[in-house]
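Subject: Structure handover

Hello,

Here is the structure for your files. My notes come after it.

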Amino acid sequence: MPEFKQLNRKQYKKLSKSEKEEFKKAYIAHHLPMFKEHCEGTGLNPEMLLAQTAKESGYGISGLSYADFN
């Protein structure tokens, strides 16, 4: 699995379909350990939170996500 590298929308749109799938997998692999660590002991489901984050940010390519790491 390639290391996760933040992309903006323009960069993401240039990827092939298979590269987009690899990007999404790398996003999840990169972020899931952090979500698990921060959710520990809270009762929150880290996979659900990561799924929501991925959906809302377009896997980190939204303008706000890319520019401000939000």
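This is a predicted model: local features need pLDDT of at least 70, side-chain atom pairs count only at pLDDT 80 or more; totals for chains, interfaces and linings use all residues.

Core. Eleven residues make up the largest nonpolar core: Phe-4, Leu-7, Tyr-12, Phe-23, Ala-26, Tyr-27, Leu-32, Phe-35, Leu-50, Ala-54 and Ile-61. Both α2 (17-39) and α3 (46-57) supply at least two residues of it, and α2 gives the most, with five residues. Leaving aside residues up to four places away in sequence, Phe-23 touches Phe-4, Lys-5, Leu-7, Tyr-12, Leu-15, Tyr-59 and Ile-61.

Helix α3. At the start of α3, the backbone nitrogen of Glu-47 has a side-chain oxygen of Asn-45 within 2.8 Å. With twelve residues at 1.5 Å a residue, α3 should span 16 Å, and its end C-alpha atoms are 16 Å apart, so the two values agree. Pro-46, Leu-50, Ala-54 and Ser-57 are the buried residues of α3. They cover an arc of only 85 degrees around the axis and therefore lie on the same side of α3. The face turned away from that buried side carries the exposed residues Met-48, Lys-55 and Glu-56.

After α3. Gly-58 follows the helix and has a positive phi, near 65 degrees. Tyr-59 is in the loop between α3 and α4 (63-68). Its phi is also positive, about 60 degrees, although Tyr-59 is not a glycine. Tyr-59 counts as partly exposed because its relative accessibility is 23%, and it is one of the residues that Phe-23 touches.

Regards

Methods: Residues are numbered from 1 along each chain as its sequence is written. Side-chain values use heavy atoms; hydrogens and water are left out. A nonpolar core is a set of buried Ala, Val, Leu, Ile, Met, Phe, Trp, Tyr and Cys residues joined through side-chain atoms within 4.5 Å. Buried means under 20% relative accessible area, exposed over 50%, partly exposed in between (1.4 Å probe, protein chains only). Helices (H or I, at least four residues) and strands (E, at least two) are DSSP runs, numbered from the N terminus. Contact means heavy atoms within 4.5 Å. The expected span of a helix is 1.5 Å times one less than its number of residues. The arc is that of the directions from the helix axis to the C-beta atoms. A polar contact is a pair of N or O atoms within 3.5 Å; within protein, one must be able to donate a hydrogen and the other to accept it, and residues adjacent in sequence count only if both atoms are side-chain atoms.
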